[in-house]
Amino acid sequence: MLLIAIAVVFIGLGWQSAANSDSDPEDGLEAAQSRQSTSAAAPESAAPASSVAASTSASPTTSSSIDPSKPQVCVFNAGTVSGLGQTFTKKVDVLGWETAEPGNLQSASITENTIFYTPRQKAAAEQLAEDLGGDVSVDPRPSAFSQCQGGLALIVVTN
């Protein structure tokens with residue numbers, strides 16, 4: 001019961017944050033993509049960090065096989081297995097996707113591995129799910145989900 005109450009509070013805070021935001025998430029995605037293209041020759045340390053979760057900040061993981069047309073993937077461990085987020089982050093990175101540092105997400109409503117996407121990211125989300133073996137749900141990003149702005153959110157519950 002306590003977890004449900006906490007989840008409701010976080011959903012409410014996320015909704016409030018989204019409702020009070022003056023910026024369009026699609027504009028943020030386009031700006032991030034243009035920064036990524038212009039900073040391709042710049043050192044990795046010049047990339048700005050963005051918030052992934054309250055306890056973790058996003059920082060790109062370097063990989064020589066990253067495809068710049070794919071959005072960044074933020075992995076959140078919403079399960080009870082310690083280190084699951086780190087395990088999936090490594091899998092996604094090896095598959096050639098840019099990843100952020102994994103974070104934790106407390107949610108009683110997400111019961112299976114799920115990728116959240118914006119309308120422009122649907123094809124990329126489906127590709128990521130296929131790359132991961134197809135055992136991942138692909139769902140539109142809920143308006144209350146404010147983490148990983150401009151990227152795909154991969155919420156993992158089980159291995």
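**Close-up views of a predicted protein model**

**View 1. The largest nonpolar core has 17 residues.** Those with the most contacts inside this core are Val-73, Val-92, Trp-97, Ile-115, Leu-128, Leu-152 and Leu-154. A nonpolar core is a set of buried Ala, Val, Leu, Ile, Met, Phe, Trp, Tyr and Cys residues joined through side-chain atoms within 4.5 Å. Buried means under 20% relative accessible area, with a 1.4 Å probe and protein chains only. The model is predicted: local features need pLDDT of at least 70, side-chain atom pairs count only at pLDDT 80 or more, and totals for chains, interfaces and linings use all residues. Residues are numbered from 1 along each chain as its sequence is written, and side-chain values use heavy atoms, leaving out hydrogens and water.

View 2. Helix 4 gives the most, with four residues. Helices (H or I, at least four residues) and strands (E, at least two) are DSSP runs, numbered from the N terminus.

**View 3. Val-73 and its contacts.** Neighbours within four places in sequence are left aside here. Val-73 then touches Val-92, Trp-97, Glu-98, Thr-99, Ala-100, Leu-128, Leu-152 and Leu-154 (contact: heavy atoms within 4.5 Å).

**View 4. A second, separate core has twelve residues.** Among them are Ala-78, Ile-110, Ala-153 and Val-157.

**View 5. The protein chain has four helices and seven strands.** Their order along the sequence is α-α-β-β-β-α-β-β-α-β-β. Buried residues make up 36% of the 159 residues.

Key
Buried means under 20% relative accessible area, exposed over 50%, partly exposed in between (1.4 Å probe, protein chains only).
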